[in-house]
Each structure stands twice: as C-alpha cells, then as structure tokens.
Amino acid sequence: MRRIVFHQNGFGDLLVCFKALYAIKCLYPKDKLVLAQKGFSDENFLENIPFIDEIYTGDKDFENLKSDIFITNIRNSSFFKTLHKLKLGRIITQPHLLSLLYFDTPMPYKRAKLHMSEIALKLVRSIDKRHYDTNFSKINFKEVKNLLPSDDTLSEKFFKQNKQFSKIIALNIFGNQTENIGFNPLPKTWLDLSKNLSEKFPEILFILVNFTHNTLQFNIKEKENLKVFVNSDSIASLVAFCNRLDGLISVDTGIVHLCDILQIPSLIFIPKHTFYRFSGGSYGGKCEKFSLENGYQKNYAKIMQIFYKKANHFTTRIKNENSI
C-alpha cells in the first residue's frame, strides 16, 4: 500500500481540488490518500470525509511527512527548493523551471481556459497515465456532494423561524481574495441589491450570509423575505445551509466552490483573470459569471447597473425553474 500525498493550502483552493482527491481514491482505492494542508481551520470537517484517509498538518517543510508519491498544486520556486531537499519519494508538480529540473510534471501542459479542478486532475493523471485514461470515465464526480459532512443544527433552527418560500437565494458579499485586490463592490451596493431583489421577488427568500469570525457584521432591518444567516466556523454547518439553497449570488470565494460541488446554480462576480480558473460549473451545475478587469470602478455606477440587471435575470430564471 502506497502513501499518496496531495498538498494544497487554503479553504477555497482546497475545495477546488476535491475532484483530484476523489479521483485519486477512486483510481487507487488500496492506497492511502493523505491530505497535507494549511489554512483550513476546520480539521474535523476534513477528517470526516470518507475518501480522505489521513490529514497531515505538520510543519510547512514536511520534514516528518512520509510519502511514496507527493503531489502539490502549489507552484512556487522557493517552495520547490524546499521540496528538492526532502525525501518524499516521487514528486509531481505543475511545470516551472525548477520542477522541470527536479520533479515529474505533466507534459504537454496546456491549461488555457481550464478550471483549476481540471488543472489539478492533470497532476493526478501523471501518477499513471494509462491507468488514468482507462478508468477516468468511470468516476462519477457528482457523487462527491453526497460524501461531504453535514450538520444542520444551525440551518434547521434558522429555516424554522422563517415561513416557506417558493425559492431560496443566498447572497455572499465577503471574500478575502477579492477584497485583498480591491475588486469587491462596496457593501452598500450588495445591501441595495439584496433589498431591491427582495422587493421585486416577494415570493423568494433572500439570505445575506456572514460568519461569526468576520469583523464586519450586517446591521440591517430584516424583512419577511430578507434575512441574515450567520454561520459558525463549521464547514459541515455551511454544507447543510447551502443544501437548502436554490441559488447563490456571490463574489469568488470558498462558498462558491462549495456550491459548485453541491451543484447549486450561481451567479459569480469575478475578476476576468480568474474567469476560467475558478467560479462554479465544474460539477455539472449552472454557473453564470459576471467578469470584469481590475479598475472597473472608473465606471462603477454604470457597471453596477449592469450587474443588477444580471442578478435580476438570474433570480427570474431561478424563480421560473421547477427543478434545478
């Protein structure tokens, strides 16, 4: 039995790589799949995923990690220099000057217009290309949504307090990546959008999503069909909440990738340079993308009018669909 280690940091980026993790376990069920990760605060969630055998959260240089095959989705020269010094068995990485010298890399490596989940699968294919090509079509990735741990304690209490609506749409306005690059629209813009939608579609419940660890909390006057849901640090709780949704409107962040796995239709406000790499739709669900270049704020009012129209069209489609 081999130890196959897959390495990826962060919450959202790790969720994007769940296809690769699931593929490894399906293709090599007798081997032990070890997830080496940083920046994912809810280890309990990962430990209860059936296709992951072991979680490694040791020191960043992996000195105590044992592996026969080490796959990393991180592409960084200083990190590659560290890997080269370690005894991790066969190392598979994305192409880079150093990786071409020291490690296995999938070649030819065409990744234009590919979702990051498909790029991660290229690394998995490198383990054994013939075995991968013969058996990959047998993998049902839509099954992943049924294997995520779920805790409905918070969501069940929340939805019991609200009357039944024909549809439920969540709006998520917070995202570390988009905020760090100054890409996210202003909070007031999002709040105005949620109020406008709730007035135009009284039969739909709109929910503003927040988290207990967020320093910025909503202070709005809730209405019958406009509510605020504050999740804990539990990802299993977020899974249960998202499973109740008919649609998601959000910036490009972790909840988008979670709803992608759950095949929840989404409308994503996303930078153009990450248009193909991230967002949803990779598991067969529907995803609409409102993509813009950095610096779009020069025409902020006009662009927000277009985004509002896009959100209205998205909501209308959700409203009119009997089944998603």
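**Figure 1. Helix α2 passes helix α6 in a right-handed crossing.** In this predicted model, local features need pLDDT of at least 70, side-chain atom pairs count only at pLDDT 80 or more, and totals for chains, interfaces and linings use all residues. Residues are numbered from 1 along each chain as its sequence is written, and side-chain values use heavy atoms, with hydrogens and water left out. A crossing is left-handed if the near helix is turned anticlockwise from the far one by less than a right angle, and right-handed if clockwise. Helices (H or I, at least four residues) and strands (E, at least two) are DSSP runs, numbered from the N terminus. Two packed helices are described by the angle between their axes and the distance between the axes. Here α2 (residues 18–27) and α6 (residues 116–125) pack at about 35 degrees. Their axes lie 8 Å apart. Axes are lines fitted to C-alpha atoms, for helices over the stretch in contact, and angles run from 0 to 180 degrees between N-to-C directions.

**Figure 2. Residues of α2 meet residues of α6.** From α2 come K19, A20, A23, I24 and L27. From α6 come S117, E118, A120, L121 and V124. Contact means heavy atoms within 4.5 Å. By class, this contact has seven nonpolar, one polar and two charged residues. Ala, Val, Leu, Ile, Met, Phe, Trp, Tyr, Cys and Pro count as nonpolar, Asp, Glu, Lys and Arg as charged, and the others, Gly among them, as polar. Nine of the 10 residues of α2 are buried, so the helix is largely enclosed by the rest of the structure. The buried residues of α2 are F18, K19, A20, L21, Y22, A23, I24, K25 and L27. Buried means under 20% relative accessible area, exposed over 50%, partly exposed in between (1.4 Å probe, protein chains only).

**Figure 3. S117 sits in helix α6.** S117 is buried, at a relative accessible area of 1%. Its side chain makes a polar contact with the side chain of H115, at 2.9 Å. A polar contact is a pair of N or O atoms within 3.5 Å; within protein, one must be able to donate a hydrogen and the other to accept it, and residues adjacent in sequence count only if both atoms are side-chain atoms. Not counting residues up to four places away in sequence, S117 touches V16, K19 and S282.

**Figure 4. Helix α10 and helix α13 pack together.** Helix α10 covers residues 187–200, and helix α13 covers residues 300–320. The angle is about 35 degrees, and the axes are 11 Å apart. The crossing of α10 and α13 is right-handed. T189, W190, D192, L193, N196, L197 and K200 of α10 meet Y300, M304, F307, Y308, A311, N312 and T315 of α13. These residues divide into eight nonpolar, four polar and two charged.

**Figure 5. Helix α8 has buried residues and exposed ones.** In α8 (residues 153–160), S155, F158 and F159 are buried. Seen down the axis of α8, these buried residues fall within an arc of 90 degrees, so they line one face of the helix. The arc is that of the directions from the helix axis to the C-beta atoms. On the other side of α8, T153, K157 and K160 are exposed. The cover over the buried residues of α8 includes β6 (167–172), β7 (204–211), β8 (226–231) and α11 (235–242).

**Figure 6. F229 lies in strand β8.** F229 is buried, with a relative accessible area of 2%. Leaving aside neighbours within four places in sequence, F229 is in contact with L154, S155, F158, I207, L208, V209, N210 and F241. F229 and I303 are 74 residues apart in sequence. Their C-alpha atoms are 28 Å apart in space.

**Figure 7. I270 belongs to strand β10.** I270 counts as buried, at 0% relative accessibility. Not counting residues up to four places away in sequence, I270 touches F183, D252, F275, F278, S279, K289, F290, S291 and L292. I270 and M304 are 34 residues apart along the chain, and 13 Å separates their C-alpha atoms.

**Figure 8. Q263 is in the loop between α12 (254–262) and β10 (266–271).** Phi of Q263 is near 60 degrees, a positive value in a residue other than glycine. Q263 is buried, with a relative accessible area of 16%.

**Figure 9. E321 is found in the segment after α13.** E321 is buried, at a relative accessible area of 15%. The side chain of E321 makes a polar contact with the side chain of K286, at 3.0 Å. Not counting residues up to four places away in sequence, E321 touches K167 and K286.
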